[in-house]
Amino acid sequence: MAGSNNADIQIYYLSEGALTVQFGNQISNQALANVQRLNNLVCQSPFDGLISTVPAYTTLSVFFDPVIVIADQAMQGVDCFEKVSNFIKERIAEKSTNAAGNFHTVEVPVCYGGDFGPDLDFVAKTNGLSADEVISIHHSAKYTVGMIGFLPGFAYLMGLDERLATPRKASPRKFVPAGSVGIAGSQTGIYPLDSPGGWQIIGRTPLTMFNAEGEQTSLLKAGDKVVFKPITRDEFNFITGNQYADQDQ
């Protein structure tokens, strides 16, 4: 696999119906690209019994039905782990150029500061910046969704400018509203649902990030690109109103 050393690739047992492939221990664009490429190859040509895949920063977990896999005479191996491991190794060795994923660039409007961004001033003070500089730096970058986790639809975004890196809150909030945009360490992310949370909240988007009833439950997926667009409170309310109107139709 391009950019990967087989010595850095490990496949380990997760359960009787799952295994994990790990591309080294360091989060990097190359590791993420390797994970996404393997995920695309597996999903494009799945083996019988494949249930789902879960890509993360440096790992791809593969879930399968062991009853179907063990009965598959075409797969080489003495047990499910060996059979699926061999399948994975074959995909890793492929030279296919048709492994590009169907990724999108998603523009996410954000109303920064005020009661939507109660930690904006803290992030600014921590990094020796003004609130306006934090907003400008944050929305000027183009981010990559490294993984979905913590909550359904919670996108961990890579690409935060190091000038905005800020520790998590010492004591997490008991309630963070859905759509809140936060910073934790060198990552930024968007809360898809109301939940507790310890990220430094700098703004909020009116977009629905997760809809359990939708055909595509999560607005973002691993590999997508994200750009933030600053909006006013009036624009936030207008978009929110349109969303509710669409849901009522």
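Predicted model: local features only at pLDDT ≥ 70, side-chain atom pairs only at ≥ 80, totals over all residues.

Biologist: Which strands form the open sheet, and in what order?

Modeller: The open sheet has 4 strands in the order β1-β2-β4-β3, with antiparallel pairing. Its edge strands are β1 (9–15) and β3 (50–55), each of which pairs on one side only. From one strand to the next, the twist averages 20°.

Biologist: How many bridges join β3 to β4?

Modeller: There are 5 bridges between β3 and β4 (residues 59–64), and the two strands run antiparallel. Within this part of the sheet, Thr-53 stands opposite Val-62 in β4.

Biologist: Which strands do α1 and α3 lie across?

Modeller: Helix α1 lies across β2 (18–23), β3 and β4, and runs at about 165° to β3. Helix α3 lies across β1, β2 and β4, at about 150° to β1.

Biologist: At what angle do the axes of α1 and α3 cross?

Modeller: The axes of α1 (residues 29–44) and α3 (residues 80–93) cross at roughly 115° and come within 10 Å. The crossing is right-handed.

Biologist: And which residues meet there?

Modeller: From α1 there are Arg-37, Leu-38, Leu-41 and Val-42, which meet Phe-87, Ile-88, Arg-91 and Ile-92 of α3. By class, this contact has 6 nonpolar and 2 charged residues, and no polar ones.

Biologist: Turning to the barrel, what is its strand order?

Modeller: The closed barrel has 7 strands, running β5-β12-β9-β10-β7-β6-β13, and its pairing is mixed. Neighbouring strands are turned by 40° against each other on average, with direction ignored. Strands β6 and β7 run antiparallel and are joined by 4 bridges; the bridge partner of Ile-148 is Ala-155 in β7.

Biologist: In the largest nonpolar core, which residues touch the most other members?

Modeller: Leu-220, Val-226 and Phe-228 do, out of the 26 residues in this core. Elements giving two or more residues to the core include α4 (120–126), α5 (131–140) and β13 (225–230), while β5 gives the most, with 4 residues. Beyond its sequence neighbours within four places, Val-226 has contacts that include Val-106, Val-108, Tyr-143, Leu-157 and Leu-220. Another core, of 18 residues, lies apart from this one; Val-21, Val-42, Val-62 and Phe-87 are among its members.

Biologist: Is Ser-195 buried or exposed?

Modeller: Ser-195 counts as buried because its relative accessible area is 8%, under the 20% cut-off. The residue is in strand β11 (residues 195–197). Leaving out neighbours within four places in sequence, Ser-195 contacts Phe-150, Leu-151, Lys-174, Phe-175 and Val-176.

Biologist: And where does Phe-103 lie?

Modeller: Phe-103 is in the loop between α3 and β5 (105–112). With a relative accessible area of 32%, Phe-103 is partly exposed.

Biologist: Which residues does Phe-103 contact, leaving aside its neighbours within four places in sequence?

Modeller: They are Gln-36, Asn-40, Lys-221, Ala-222, Gly-223 and Asp-224. Phe-103 and Ala-222 are 119 residues apart in sequence, yet their C-alpha atoms are 8.3 Å apart in space.

Note on methods: Residues numbered from 1 in each chain as written. Heavy atoms only, no water. Axes fitted to C-alpha atoms, helices over the stretch in contact; angles between N-to-C directions. Left-handed = near helix turned anticlockwise from the far one by under 90°. Contact = heavy atoms within 4.5 Å. Nonpolar A, V, L, I, M, F, W, Y, C, P; charged D, E, K, R; others polar. Buried < 20%, exposed > 50% of the residue type's maximum accessible area, 1.4 Å probe, protein only. Pairing = 2+ DSSP bridges. Core = buried A, V, L, I, M, F, W, Y, C linked by side-chain atoms within 4.5 Å.
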